[in-house]
Each structure stands twice: as C-alpha cells, then as structure tokens.
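Grab a pencil and get ready to look around a protein chain. Each exercise below comes with a solution that you can follow step by step.

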Amino acid sequence: MPAKIFSDEQTAISENVLAEYQGMSGKDKVQEKEAIIAQVIEQVTMVQHQNDVQAMKKLQNSVKNWLNNQSREMSNKEEYFCKTNRFLVFISENAAKIKE
C-alpha cells in the first residue's frame, strides 16, 4: 500500500476544489488554475505545521501534482495498459497474410 501524502483534512480540502479545477477552460485557464492552487496550498498548509521550510515546499509540490493528476481524464484501460513490442507490430501489419 502506498504511503499517504496528505492527511484526511488535506485531502478533503483538495477534493472540494477538484470539480472547479477540472472544468476550467478558456484563455485565462492557466492563471485561474494557479490561483486555485495557491488557495488550496494556503488552506492545506494551515493544517500542516509551518516550521519546516523543506517540508512545506514538498507539500506545495504534492498539492500541485495531486490536482493535476486528479483532473486528467483517464484513457481507455485497454489502451492505457497495452504494451507494444515488435512481435505485436509485426502481427498487426501482416494480419492478412497470417490469416491466409
């Protein structure tokens, strides 16, 4: 089981803005997303002790990564987990000859 990066409170804070973060589009999307990330980081760091600067930077990067990863749409599972190698490429290119 992977280690937990966020506490339950921090995860709840991040999940509250996830729908808004995912739905952003348009010209000013990057600036709006950065504003939301800054807001979430501020709220998440209030839960965390602010004595350790390195830990706070790591936490801020983790929040950014979490929001970006959670906002992506997952592709088709078969497509996502499909592994391609030379043999599979050869078979797909020569499928008609193989069937004969």
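**Exercise 1.** Work out which pattern the chain follows along the sequence.

Solution. Reading along the sequence, you get α-α-α-α-α-α. Tally that up and you have six helices and zero strands. Here helices (H or I, at least four residues) and strands (E, at least two) are DSSP runs, numbered from the N terminus.

Before going on: this is a predicted model, where local features need pLDDT of at least 70 and side-chain atom pairs count only at pLDDT 80 or more, while totals for chains, interfaces and linings use all residues. Residues are numbered from 1 along each chain as its sequence is written, and side-chain values use heavy atoms, leaving out hydrogens and water.

**Exercise 2.** Find which residues in the largest nonpolar core touch the most other members.

Solution. Start with the meaning: such a core is a set of buried Ala, Val, Leu, Ile, Met, Phe, Trp, Tyr and Cys residues joined through side-chain atoms within 4.5 Å. Buried means under 20% relative accessible area, exposed over 50%, partly exposed in between (1.4 Å probe, protein chains only). Of the 16 residues in this core, the ones you want are Ile 36, Val 40, Val 44, Val 63 and Leu 67. Next, see where the core comes from: α1 (8-22), α2 (29-47) and α3 (53-71) each give two or more residues.

**Exercise 3.** Is Ile 91 buried or partly exposed?

Solution. First place Ile 91: you'll find this residue in helix α5. Its relative accessible area is 30%, so Ile 91 counts as partly exposed.
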